[in-house]
Amino acid sequence: MMGLMASEETRTMTPPTVRSPAAHDPGKPGGAGTPGAAATRAWTMRLLVLGIVLSALNLRPAITSLGALLEEVRDGLGMSGSVAGLLTSVPPLCFAVFGVMAPRLARRFGAGAVVCAGMAAIATGLLVRPYAGGTAGFLAGSALALMGIAVSNVLMPVIVKHWFPYRVGSMTGLYSMALALGTALAAAVTVPLTDTLGGSWQTGLALWAGLAVAAVLPWLPFVRGRATPPGAGEEPAGTTQTQDPASPSTEHAHVEAPRLRMARSRTAWALAVFFGLQATAAYITMGWMAQIFRDAGVPAGTAGLLLAVTMVMGVPLAFVIPRLATRLPHQGPIVLALGVCGLAGYAGLYLAPAAGAWAWAVLLGVANCAFPLALTMVGMRARTGPGVARLSAFAQSTGYLISIPGPLLVGVLYQHSGGWGLPIALMSALMIPQMVVGFLAGRDRTVEDEAAR
């Protein structure tokens, strides 16, 4: 296995002085060194895992906390249903626009520095947006927070692939599980915390800035390369070395990364469309599901809990699904199973939204686990670190562009039809192509074979 990886890296990168993937993973042969170096490596890896987990916790509260208080925000800012639909479309728009910048920023400043800045942007945006005054200020503060989320979204698969090359499934599962936990936590406790703190929706939204501040701290040692990658300079004889594709030193080492044109790859396009359609479903759910239940007569607090149930389903499943996906030659059957759960959940929302609310919340929560599956497939559909970086940026940026109209169209349909029948029909219709392209993206192939110039 090491020989195969070494030969691949030698063919594609040929750097002058670089490091071994084994040295990045203490659990693999070749990663051992002197006792002092081993202690430094262990500390670095623990800090990195903490940074990944805290970052993942911050990647959705900006959205689900707003979903739980959307009615109060609409009343406070005087929004119509169509404008609220625009607000729920801002996340995918920001993810598409800013996510494409992430690989270039990572090459210039280092992935750790970019994620650190992203967490700081999330904290600032969440603190500013409730008090900015008016809809325009609220949108600007949201955009700042979502910019930080966008670059972190793209770089997380890159960081996992580079630092944990032999643990992509388990580390993606841990990251996805923390993301689901943060999503569910914000949905569940935002309304009760708002009530406890005096009933102000501004306070209820701003308090999530504290979690983002905590996520900044573990990344500080990784800013501008101040944290040495584990095992640097300790390679055993005969080990071919590999450069960090997202480290600041890469830019100055004149490393020739694989030249890939993702637009030529059918797999990249299938993964991008799958990512976009699952993101459409996820942001419609996060932005509107609580309102669907409230309009059906469910109390606001219970509606927030139902949204939290949907999100918390990702905690166990986001750990199981990536591990299962990495063991299968084709991930298509998982895609189909998740899609069937989504269709059943939408049917329940249409027929009996209040009577079977908890069941529909669970089914839609299972369907939302298409997100960790998509992240896992990003890591599996490319052989090299640069390939993962380019595929991650292409799939996420293109996917989020695809997802922009969905939440907005739901708001418009809701505003003009006066009910949820048409929006739910739209959600159900979009699930069919999601299942088709997800099945195609799950085939056992890599973008390097399709997109090389």
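Modeller: Arg 74 is buried, with a relative accessible area of 17% (buried means under 20%, exposed over 50% and partly exposed in between, with a 1.4 Å probe and protein chains only). This is a predicted model, in which local features need pLDDT of at least 70 and side-chain atom pairs count only at pLDDT 80 or more, whereas totals for chains, interfaces and linings use all residues. Residues are numbered from 1 along each chain as its sequence is written, and side-chain values use heavy atoms, with hydrogens and water left out.

Arg 74 belongs to helix H5, residues 70-77 (helices are DSSP runs of H or I, at least four residues, numbered from the N terminus). Its C-alpha atom is 9.2 Å from that of Thr 135, although 61 residues separate Arg 74 and Thr 135 in sequence.

Ser 65, in helix H4 (residues 61-68), is also buried, at 1% relative accessible area. Beyond its neighbours within four places in sequence, Ser 65 is in contact with Arg 129, Ala 186, Thr 190, Leu 205 and Trp 208, where contact means heavy atoms within 4.5 Å.

Gly 169, in helix H10 (residues 168-196), counts as buried too, because its relative accessibility is 8%.

Between helices, the axes of H9 (residues 134-163) and H20 (residues 385-403) come within 9 Å and cross at roughly 155°, so the two helices are roughly antiparallel (a term for angles over 145 degrees). In this contact, H9 supplies Asn 153, Val 154, Pro 157, Val 158 and Lys 161, and H20 supplies Val 388, Ala 389, Ser 392, Ala 393, Gln 396 and Tyr 400.

The largest nonpolar core has 130 residues, among which Ile 52, Tyr 175, Trp 219, Phe 274 and Leu 373 touch the most other members (a core is a set of buried Ala, Val, Leu, Ile, Met, Phe, Trp, Tyr and Cys residues joined through side-chain atoms within 4.5 Å). Helix H14, residues 266-295, gives the most to this core, with 18 residues. For Leu 373, leaving aside neighbours within four places in sequence, the contacts are Phe 274, Ile 321, Ala 325, Gln 331, Ile 334, Val 335 and Leu 338.

Conventions. Axes fitted to C-alpha atoms, helices over the stretch in contact; angles between N-to-C directions. Parallel < 35°, antiparallel > 145°, perpendicular 65-115°, else oblique.
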